Amino acid sequence: MKNEETHITSYSSHAIVLIILLILTTISVSVTGWHFGPFSVLVALIIASIKVRTVITHFMHMKFENLFMKLMITGVFTLFALVIIITFIDYYFR
Amino acid sequence: MVTPEAYNEHYENETGKLGMWIFLFTELFLFGGLFLVYAVFRTKYSADFHIAARELNAFIGTMNTVFLLVSSMTVAMSITAIQKNQKKLAMFLVLVTLLLAALFMMNKYFEWAHKFEFKLYPGSQVLKNLPQGELLFFGLYFMMTGLHALHVLIGMILLSINFIKIKTGKVNQVHYLLLENSGLYWHLVDLIWIFLFPLLYLIT
Amino acid sequence: MSNSEPGSHVSYLDYKGKYKGIFSWLLTTDHKKIALLYLNSIIVFFFIAAILGVLMRVELIAPGQTIMGPQTYNAMFTIHGIIMIFVIVIPALPAVFGNFFLPIMIGAKDVAFPKINLFSFYLYIIGAIFGILSQFIGGGAPDTGWTFYVPYSAQSSTNVIYALIAAFILGFSSILTGLNFIVTIHRMRAPGMGWFRMPLFPWSLYATAWIQVLATPIIGITLLMVIAERVLHIGFFDPALGGDPVLYQHLFWIYSHPAVYIMILPGMGIVTEIFPTFSQKPVFGYTAILFSSLAIAFVGYFVWGHHMYTAGISYGSRWFFSFLTFVVAIPSAIKVFNWISTMYGGSIDLKPPLLYAISFIFLFMIGGFTGLTLGALATNVQLHDTSFVVAHFHYIIFGGMGFAFFAGIHYWYPKMFGRMYSNRLANIAWGILFTGFNLLYFPLFIIGIQGMPRRYFDYLPQFHTGHFISTIGAFILFTGLVLMVSNLYYHLNHGEIAPANPWKGVTLEWQIPSPPSHENFDVIPQITGNPYVFENKSQNNQN
């Protein structure tokens, strides 16, 4: 394994990411009043997921980590989602 | 695997970081259990959840979200600073992160105090008289934000330790694994809040 | 190779480090010493829980009250389960053999985070202490069963909270061990040891560690929720407040089913090491066993509902869980096939480790088949909460993981302690153990089918014969255990000095002295080939 050069994220990169996150937050709050009916949770979760992904890839540096780390984090979230979905096979069909 | 020539500081840092990431996964699953309970009861009592959520102040919630998002940026910047050997800037950024965390906790304190004033807490008679879905919403609210606040406190302790160690030079341009891992932990605290905020405060 | 020069090394047991005397144990960060700390603690707790089991069997020897009242009986099966599950079976294999041999088998000097390793041990002890405290403080010993089902666990006036805290802390210990092992395996394999050159016991620990890390937090939060239920009346599981008691069962079993794979996977890993050594032949189907371990770990996350078929869950989810329960049995069956194929045509040396490993297959298969009977929806209705279930899980946990533990200790004892035990005594102990085990548990299948409920202090006269035989079996089993452990303890100081490689094994632990030195290897080995290469020419076709 070679001695890798450590990637240093620039201050401006961090600042841009914050601005993106704040914009997404604004969107999230604004659409609260809209009527999505049963999809309101989904919309909220989608926006939250984009924010979470942004924090993970940029602030937490996942974008610059190796493939295995990326697979791990994807796997972990997938596993969690599957557990929730399977639990709902019970609740949804009772 | 490791070759003898490659086993160095950088290798140990990557090892430490991997350990921290795995710890973060455990935290995700810890909160995950609560999210599962939330999902079940939100589905069952969607109207009650909607009504109960009106008791929460979306403005304070948004403020807290902004505090944590900015604090994530400042802690990430503090790592950039230490990597560039800008010691004073790193210390300043960690301090700002701590300040934002403190503001978050202050808001949380006022929120909870306000609820307690109206006898809205688990086990109270007021809560018992509410419709069941609303009771469960508040139970989830207190347990989820409570557990989250505990993690904010732990994060603040970690950040304080980092502040001192940067000051004394123990955390520096070469040895900054502690700061990096504390930063990861702090981002996790932020991540959980990013999910909590819309699910508790922004229910339409 | 300089690693096995006799007389040129100091055993880890005699190593003089920073601390002296008892502190060289209490403050050690040497993975081998930590393994022994765990081993000794586990033996003590195991005998406590085993004696509780024997006492329960004495109560059940005849209908009606024999030596204890119903409340005591309920408390007994609760603490027996809590200790056995959380203090013995979940931690034991990773904490003892994983700790001792994982670093050595991958050519490392220690685990990735030695101090966290020691911290895991202390968490383990603190958790166990909370468990013990729950027996003696105020409200009395918990009587909910180790499964802590609501609503009773929220209402019982006994010390449920102490037991919940115990399980929480023990869970945290388990998480940290798993975390340590994942990072160790990723980052500390010796040069040349690619993933597919790693032996299968470390692979089994890898699969196990992921379960430890990802499943345990869920029971952590669930236990906290029960505490919140008791103290704050939070309502999640209380129907009167709008909650759902079945939700507790979901949360509980989302961890506790994967937990049984934490229990069995390392055991399978151990016997996978024993078979090639005592057949002097490479493992048959290295890749198949490897992927089977990962498959069991993965699919095992999705079968938890098979504990809940009669709890009121939807038909769709019952169908789903039953189907996946049958699927998860397949990789285990693949492994059994591979173990037997490993032995086929080999030069069999029936030493105690192999004897235990072979009986492991036999007992594990009985446990596994009866698991399918329970996993099928129709038969489950008859068998749920009967002593059939009790027999099933004792076959698979005790007969499986337990016998794998015995196999492991007999296999690695010379390496760990530098001595040989008496093979004759080990074999006699095995015979007594094996007989006692089957006499104790097999009748429980029969009376279970006939309708004997589990966790019942009393029973109808028609079940008397089965219970009587079972209790006799318990005494025989206990005798076998005492003999087995005595053989091992006695020879610690009186046994023949062990050579570096008494069994002609080929994995890395056999290339270093018995016992190992403090840092395991004088020179980190360079790995140049597959792990199971034996010197007899034609046997080495690795697939």
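**A friendly note on the predicted model**

1. Read from the N terminus on, the elements of chain B run α-α-α-α-α-α-α. Please keep in mind throughout that this is a predicted model.

2. On the dimensions of chain B, its C-alpha atoms fill a box of roughly 65 × 35 × 25 Å, taken along the principal axes. Chain B has 204 residues, and 49% of them count as buried. Looking at contacts in chain B between residues at least 6 apart in sequence, you will find that 76% join residues at least 24 apart.

3. Next, look at where chain A meets chain B. This contact takes 36 residues from chain A and 38 residues from chain B. On the chain A side, helix H1 (11–30), helix H2 (40–59) and helix H3 (67–92) each supply at least two residues. H1(A) gives the most to that side, with 10 residues. By class, the residues of chain A that touch chain B divide into 22 nonpolar, 12 polar and 2 charged.

4. Chain B also touches chain C: 28 residues of chain B are in contact with 33 residues of chain C. Here helix H1 (9–44) and helix H6 (132–168) of chain B each supply at least two residues of the chain B side. Which helix gives the most to this side of chain B? H1(B) does, with 15 residues. The side of chain B that touches chain C divides into 18 nonpolar and 10 polar residues, with no charged ones.

5. Within chain C, one helix pair to look at is H3 (residues 70–105) and H6 (residues 160–187), which pack at an angle of about 20 degrees with their axes 11 Å apart. Because angles under 35 degrees count as roughly parallel, H3(C) is roughly parallel to H6(C). Their crossing is left-handed. Among the residues that meet are Ile82(C), Phe86(C) and Pro94(C) from H3(C), and Ala163(C), Leu170(C) and Phe181(C) from H6(C). By class, this contact has 14 nonpolar, 5 polar and no charged residues.

6. Another pair in chain C is helix H13 (residues 387–417) and helix H14 (residues 423–450), whose axes come within 7 Å and cross at roughly 165 degrees. Are these two helices roughly parallel or roughly antiparallel? Angles over 145 degrees count as roughly antiparallel, so H13(C) is roughly antiparallel to H14(C). H13(C) passes H14(C) in a left-handed crossing. The residues in H13(C) that meet H14(C) include Phe388(C), His394(C), Gly399(C) and His410(C), while those in H14(C) include Ala426(C), Phe437(C), Tyr441(C) and Ile449(C). The residues of this contact divide into 13 nonpolar, 5 polar and no charged.

7. Finally, please take a look at Glu509(C), which lies in the segment after helix H15 (464–494) of chain C. Is this residue buried or exposed? Glu509(C) has 23 other C-beta atoms within 10 Å, so it is buried, the cut-off being 20 or more. Not counting residues up to four places away in sequence, Glu509(C) touches Phe101(C), Ile104(C), Met105(C) and Lys415(C).

Technical notes
Residues are numbered from 1 along each chain as its sequence is written. Chains are lettered from A and ligands numbered from 1 in the order in which they are written. This is a predicted model: local features need pLDDT of at least 70, side-chain atom pairs count only at pLDDT 80 or more; totals for chains, interfaces and linings use all residues. Two residues are in contact if their C-beta atoms, placed from the backbone, lie within 7 Å. Helices (H or I, at least four residues) and strands (E, at least two) are DSSP runs, numbered from the N terminus. Ala, Val, Leu, Ile, Met, Phe, Trp, Tyr, Cys and Pro count as nonpolar, Asp, Glu, Lys and Arg as charged, and the others, Gly among them, as polar. Axes are lines fitted to C-alpha atoms, for helices over the stretch in contact, and angles run from 0 to 180 degrees between N-to-C directions. Angles under 35 degrees count as roughly parallel, over 145 as roughly antiparallel, 65 to 115 as roughly perpendicular and the rest as oblique. A crossing is left-handed if the near helix is turned anticlockwise from the far one by less than a right angle, and right-handed if clockwise. A residue is buried if 20 or more other C-beta atoms lie within 10 Å of its own, exposed if 12 or fewer, and partly exposed in between; C-beta atoms are placed from the backbone.
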